[in-house]
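Good morning, colleagues. I would ask you to look at the sequence and the model on the screen while I take you through the main features.

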Amino acid sequence: LLGDAAHGMHPIAGQGLNYGLRGAASLAEVILDAARLGLDIGSEAALAAYEQARRPDVMSMAVSTEALNRLFSTDLGLVRTVRDLGLGVVQRLPGLKARLMREAAGEGALAPRAFRGEAL
């Protein structure tokens with residue numbers, strides 16, 4: 001399964017393309033690793049390795065998009081105030097903003113090796 005639609009994530013964060021590309025890159029890594037070891041690239045073990053490699057990113061994105069959806073769809077004044085303050089803090093801290101943008105682009109710690117500039 002590749003992309004946000006395959007996992008039923010909310011499209012609020014607009015991460016469909018990035019998420020699909022990360023999934024494809026992870027699948028390519030698993031296939032290359034299996035082939036290098038002389039294993040069947042379509043084996044249950046290879047597909048389990050893909051699932052295990054993607055699980056942290058899948059869970060992180062699912063939780064993040066659900067939280068964003070709830071955060072931006074509430075009418076509770078206190079939640080809106082805290083949300084606006086948080087957005088203001090991110091806007092004033094360029095390092096934090098850059099890190100969040102790298103994560104959203106798929107270049108963070110959960111990214112496939114190719115997205116982090118590592119050799120396959």
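Let me begin with the surface: what is the accessible surface of the protein, and what share of it belongs to carbon and sulfur atoms? The accessible surface comes to about 7800 Å², and carbon and sulfur atoms hold 63% of that area. Please keep in mind that this is a predicted model. Of the 120 residues in the protein, 23% count as buried.

I turn to the overall architecture. The protein contains five helices and zero strands, giving the pattern α-α-α-α-α along the sequence. Among the contacts with a separation of 6 or more, 55% are between residues 24 or more positions apart.

Consider next helix α2, residues 16-36. Its end C-alpha atoms are 30 Å apart, in agreement with the 30 Å that 21 residues should span at 1.5 Å a residue. The buried residues of α2 include Tyr 19, Gly 20, Arg 22, Gly 23 and Glu 29. In general, an α-helix has 3.6 residues a turn, so residues three or four places apart point the same way. Asp 33 is partly exposed, at a relative accessible area of 28%, whereas Arg 36 has 52% relative accessibility and counts as exposed. Just after α2, Gly 38 adopts a positive phi of about 75°.

Helix α3 covers residues 44-72 and has 29 residues. From its first C-alpha to its last it reaches 40 Å, close to the expected 42 Å. Where does this helix bend? A kink of about 40° lies at Arg 54, shortly before the proline Pro 56. The buried residues of α3 are Ala 46, Tyr 50, Arg 54, Asp 57, Val 58, Met 61 and Thr 65.

This brings me to the salt bridges, of which a search of the whole structure finds six. Which residues are linked in a network of these bridges? They are Arg 22, Arg 54 and Asp 57. Between Asp 57 and Arg 22, the side chains meet at 2.8 Å, N to O. That pair links distant parts of the chain, as Asp 57 lies in helix α3 and Arg 22 in helix α2, 35 residues apart. Asp 57 also meets the side chain of Arg 54 in a salt bridge, at 2.9 Å, N to O. Here both partners lie in helix α3, three residues apart, about one turn of the helix. Are the residues of these pairs buried or exposed? Asp 57 and Arg 22 are both buried, and Arg 54 is buried as well.

Two further helices deserve a comment. In helix α4, residues 77-92, we find Arg 83. With a relative accessible area of 14%, Arg 83 falls under 20% and is therefore buried. Leaving aside residues up to four places away in sequence, Arg 83 touches Leu 71 and Phe 72.

Finally, Val 89, Leu 93, Leu 96 and Leu 100 make a nonpolar surface patch of about 330 Å². One of these, Leu 96, is found in helix α5, residues 94-104. Leu 96 counts as partly exposed, at 37% relative accessibility.

How values were computed. Residues are numbered from 1 along each chain as its sequence is written. This is a predicted model: local features need pLDDT of at least 70, side-chain atom pairs count only at pLDDT 80 or more; totals for chains, interfaces and linings use all residues. Side-chain values use heavy atoms; hydrogens and water are left out. Helices (H or I, at least four residues) and strands (E, at least two) are DSSP runs, numbered from the N terminus. The expected span of a helix is 1.5 Å times one less than its number of residues. The bend at a residue is the angle between axes fitted to the seven residues ending there and the seven starting there. Buried means under 20% relative accessible area, exposed over 50%, partly exposed in between (1.4 Å probe, protein chains only). Contact means heavy atoms within 4.5 Å. Accessible areas come from the Shrake-Rupley method with a 1.4 Å probe; for residues, only the protein chains shown count as cover. Patches are made of residues with over 30% relative accessible area and no salt bridge: like charges are joined within 9 Å, nonpolar side chains (Val, Leu, Ile, Met, Phe, Trp, Tyr) within 5 Å. A salt bridge is a side-chain nitrogen of Lys or Arg within 4 Å of a carboxyl oxygen of Asp or Glu.
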